[in-house]
Amino acid sequence: LVLVAGSLLALRHRCYGLVLVLGLALSVTRPVVLPLAAVVVAHGLVRFHRERGEFALRDRTAAVGLAALLVVSTGLWPLIAGLVTGRPDAFFATQAAWPANQGSGGLFGSWLGNLVTGTTPIRLVITVCLVAGVLLITLRRSAAVWGLELRVWALAYPLFILATARPTPSILRYGILAIAIFWPIPENPATRRDEVARWIVLGVLLLSGLATQFIWVNHVYTIQVTDGNVPYP
């Protein structure tokens, strides 16, 4: 989370070298560098559109190179794992050992993959609601106060997770990195009524968080292991 926030902040201040350093560090912690590369591309395109004469060739080259290096860095950790273990597919073999990755679609099954190959109605409804919620929160005009980089990340990252992650309880902790969508009220209160509404929504969010923490700890985080049920290797 610190690396993601730091990368977005450095990109906002156009410190491309620092973005690269933080992005490389991020690539060996979580495989989520591709949406960061998408943010860099959006940043570069907007800069090119708004600052045609001031967007120097050196900066253009730096932005393009940064995006390309971030894409390539996606394979950095699998490469390290292969070199250290002497087995080229070490990373993917490790991931495939988890029972959750041995179902439909294998290691590369995802929310979208399940929707294409067939899914339960409830999963379809949940997916549609998730996508609609992300689009509503990130594309509305008032979300512009987040700044371009954070706004694009808040859109690109959840869609990336939807396309690559499997429908497991881990999706809850993956979602934390989306950052902005967990505070979906960017407007500054214009009236007393708006101020009261913000506090009410904040209270609802806090109470919901406490309730879901209880459910998470008691029904997801706590695992009952029996002879016929060993969910993790």
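This is a predicted model: local features need pLDDT of at least 70, side-chain atom pairs count only at pLDDT 80 or more; totals for chains, interfaces and linings use all residues.

Tutor: Two residues are said to be in contact when they have heavy atoms within 4.5 Å of each other. Leaving aside neighbours within four places in sequence, serine 7 has contacts with Val19, Leu22, Gly23 and Leu36. Serine 7 counts as buried because its relative accessibility is 0%, and the limit for that class is under 20%.

The largest nonpolar core has 34 residues, and Leu8, Leu70, Trp153 and Tyr157 are the members that touch the most others. Two or more residues of this core come from each of helix 1 (2-12), helix 2 (16-27), helix 3 (33-50), helix 4 (57-72) and helix 9 (148-164). Helix 9 contributes the most, namely 7 residues. In soluble globular proteins, nonpolar side chains tend to be buried together.

Charged side chains come next. The whole structure contains 5 salt bridges. In one of them, arginine 14 pairs with glutamate 51, with an N to O distance of 2.5 Å. Arginine 14 belongs to the loop between helix 1 and helix 2, while glutamate 51 belongs to the loop between helix 3 and helix 4, so this pair ties together parts that are 37 residues apart in sequence. Arginine 14 is partly exposed because its relative accessible area is 39%, whereas glutamate 51 counts as buried because its relative accessibility is 14%. Glutamate 51 also forms a salt bridge with arginine 47, where the closest N and O atoms are 3.3 Å apart. Both arginine 47 and glutamate 51 are buried. A network of salt bridges links Arg14, Arg47, Glu51 and Asp59.

A further salt bridge joins the side chains of aspartate 89 and arginine 87, at 2.6 Å from N to O. Aspartate 89 is partly exposed, with a relative accessible area of 34%, and arginine 87 is likewise partly exposed, at 44% relative accessibility.

Valine 125 lies in helix 8 (residues 121-139), and valine 125 counts as partly exposed because its relative accessibility is 45%.

Definitions and conventions
Residues are numbered from 1 along each chain as its sequence is written. Side-chain values use heavy atoms; hydrogens and water are left out. A nonpolar core is a set of buried Ala, Val, Leu, Ile, Met, Phe, Trp, Tyr and Cys residues joined through side-chain atoms within 4.5 Å. Buried means under 20% relative accessible area, exposed over 50%, partly exposed in between (1.4 Å probe, protein chains only). Helices (H or I, at least four residues) and strands (E, at least two) are DSSP runs, numbered from the N terminus. A salt bridge is a side-chain nitrogen of Lys or Arg within 4 Å of a carboxyl oxygen of Asp or Glu.
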